Structures are given as structure tokens and as C-alpha cells.
Amino acid sequence: MTKPPPRRALRTDGDLTNARILEAAGPLFAASGFAETTSKSVAQAAGVDLASINYHFGSRNGLYQAVLAEAHRRLIRLETLRHIAADAGSSADKLAQLLEMLAGVALGEQGWPAQVLAREILSPTSNALVLLDAEIAPKVALVQQLLGDISGIPPGEPALLRCMVSVAAPCLMLLVAGRTLPGPLKHLAATTPAELARHLHTFALAGLRAAGEQYRSTVPAPRR
């Protein structure tokens with residue numbers, strides 16, 4: 001009787017090495033930045049030889065791009081945004097879910113994913129363009145659709161892009177600043193994600209509706 005083939009391991013040795021390199025590189029890039037982090041230092045931290053980095057990622061740039069993508073996935077998952085978009089609730093309810101997620105990210109544990117993205121935002125490199133295409137663009141499309149449903153502004157319009165920036169900016173600021181907000185702003189760090197989400201929802205909902213009215217007042221009426 002022929003024995004069945006052995007079950008394939010969930011992760012191959014190559015997958016494990018890839019993951020180990022990413023886990024070693026993330027904190028190093030977060031602490032020292034792209035320019036100051038060498039492939040040699042990553043290899044030493046991961047316990048692999050230098051050739052493994054080039055084999056798995058092609059170059060130091062490729063490794064950094066993979067770190068940025070992994071960091072963004074850990075903070076904002078595309079599957080989560082798709083789940084929110086497919087929810088049967090109202091657009092206002094979906095906005096509340098979106099802001100709850102963003103508030104949780106902004107006020108959550110500030111591990112290396114948040115730190116490496118904050119560093120890239122403050123001192124952007126050319127690698128950010130790869131992150132934009134690979135990770136951010138499909139997520140932005142889902143968010144724009146939701147904000148467009150609330151405001152009535154069509155996707156692709158500059159007015160809707162401004163709305164998206166206005167909605168996301170407070171959470172982005174808290175993510176970049178971490179727990180080091182100065183002066184009176186430090187009290188924001190003590191705000192719970194639920195409190196922040198409720199506050200942002202009130203402002204965002206009113207702002208989106210007002211922006212929609214302003215947009216429609218400036219768009220020429222179609223000719224009959």
C-alpha cells in the first residue's frame with residue numbers, strides 16, 4: 001500500500017528565515033533609520049549570513065520596503081477595511097468602525113511597526129513610493145469610497161482627498177508623536193481609544209457632510 005505523501009509544513013525553512021530577518025530588521029530600522037541600518041547589522045541580529053538578505057529581499061532597499069509593508073499590514077489590515085466596507089450598517093456606522101480601528105492603532109502599543117512608519121513619515125525615502133503602491137493605495141480606495149458615500153463627493157475628486165486627510169490626520173499625529181506629546185497635549189495620551197473614536201466620529205461626520213454641501217455648491221449644474 002502506497003503511503004500518502006507527508007503533509008506539507010505550514011511554513012518552509014525559507015519562510016521562517018524570511019520572517020526572522022524581518023523581525024530583526026524592523027526594530028533596527030525603527031531605532032536607527034534606513035540610512036544608518038546596514039545589512040550586516042540585520043544579518044547579525046537575525047543570526048543569518050549576509051547572503052541570506054540578498055537572497056530573500058534582493059537588497060537592503062528591498063528589505064526596507066518589505067519592513068515598511070509588514071509594518072503597515074500589522075497596523076492597518078486590508079482585510080479589516082474590506083470587512084468594514086461590506087458591513088450591512090449605515091455609512092455613519094462604518095465610519096465609526098473605521099475610526100475605532102484608527103484610534104486603537106494611534107493609542108495602542110508603540111512597537112517597531114508604528115515607530116518605523118513614523119520615522120518614514122518624518123524623513124521619507126524613495127522607498128515610500130513602493131509602500132504607497134503595494135499597501136496604501138488599495139486601502140485608500142476603500143476609505144475614499146466610504147467617505148464619498150457620506151459626503152456625496154465622487155472618488156478621485158481633490159475635495160474628497162482633503163476630507164480623507166482631515167479624517168486621518170489626528171490619528172496620524174498621535175501615531176507619529178507616540179507617548180511623547182509635550183505640554184497640555186500629553187493628556188491626549190491618556191484618552192482611551194473609545195473616547196477618541198467617539199470624538200473624531202462627531203467631528204468627521206459633521207465635517208464630511210459640510211464638505212459635501214460645499215462641493216455641490218461649487219459644481220456647475222448639468223445642462224439639460
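Predicted model: local features only at pLDDT ≥ 70, side-chain atom pairs only at ≥ 80, totals over all residues.
Biologist: How many helices and strands does the chain have?

Modeller: The chain has ten helices and zero strands. From the N terminus on, the order of elements reads α-α-α-α-α-α-α-α-α-α. The C-alpha trace spans about 70 × 60 × 35 Å along its principal axes, and 39% of the 224 residues count as buried.

Biologist: Which residues make the contact between H6 and H8?

Modeller: H6 contributes Ser91, Ala92, Lys94, Leu95 and Leu98, while H8 contributes Val143, Leu146, Leu147, Asp149 and Ile150. Sorted by class, the contact of H6 with H8 holds seven nonpolar, one polar and two charged residues.

Biologist: Why are H8 and H10 called roughly perpendicular?

Modeller: The axes of H8 and H10 cross at roughly 70° and come within 8 Å. The label covers 65 to 115 degrees, and roughly 70° lies in that range, so H8 and H10 are roughly perpendicular to each other. H8 passes H10 in a right-handed crossing.

Biologist: What residues form the contact of H8 with H10?

Modeller: On H8 they are Leu147, Ile150 and Ser151; on H10 they are Leu205, Leu208, Arg209, Gly212 and Arg216. By class, this contact has four nonpolar, two polar and two charged residues.

Biologist: How do you know that cysteine 163 and cysteine 171 are too far apart for a bond?

Modeller: The sulfur of cysteine 163 has its closest cysteine sulfur in cysteine 171, at 16 Å. A disulfide requires the two sulfur atoms to be within 2.5 Å, so a separation of 16 Å is too far for a bond. The structure holds zero disulfides.

Biologist: Why is each of these cysteines called buried?

Modeller: Buried means under 20% relative accessible area. Cysteine 163 has 8% relative accessibility and therefore counts as buried. Cysteine 171 has a relative accessible area of 5%, so cysteine 171 is buried too.

Biologist: Is aspartate 93 buried, partly exposed or exposed?

Modeller: Aspartate 93 is placed in helix H6. Its relative accessibility is 43%. Partly exposed lies between the buried limit of 20% and the exposed limit of 50%, so aspartate 93 counts as partly exposed.

Biologist: What makes histidine 201 buried?

Modeller: Histidine 201 lies in helix H10 (residues 193–218). Its relative accessible area is 18%, and the limit is under 20%, so histidine 201 is buried.

Biologist: Where does histidine 201 stand relative to aspartate 93?

Modeller: The two residues are 108 residues apart in sequence and 9.4 Å apart in space, C-alpha to C-alpha. Leaving aside residues up to four places away in sequence, histidine 201 touches Ala92, Leu95, Ala96 and Leu99.

Biologist: What share of the contacts with a separation of 6 or more comes from residues 24 or more positions apart?

Modeller: Those residues account for 72% of such contacts in the chain.

Technical notes. Residues numbered from 1 in each chain as written. Heavy atoms only, no water. Contact = heavy atoms within 4.5 Å. Helix = DSSP H or I, 4+ residues; strand = E, 2+ residues; numbered from the N terminus. Nonpolar A, V, L, I, M, F, W, Y, C, P; charged D, E, K, R; others polar. Buried < 20%, exposed > 50% of the residue type's maximum accessible area, 1.4 Å probe, protein only. Axes fitted to C-alpha atoms, helices over the stretch in contact; angles between N-to-C directions. Parallel < 35°, antiparallel > 145°, perpendicular 65-115°, else oblique. Left-handed = near helix turned anticlockwise from the far one by under 90°.
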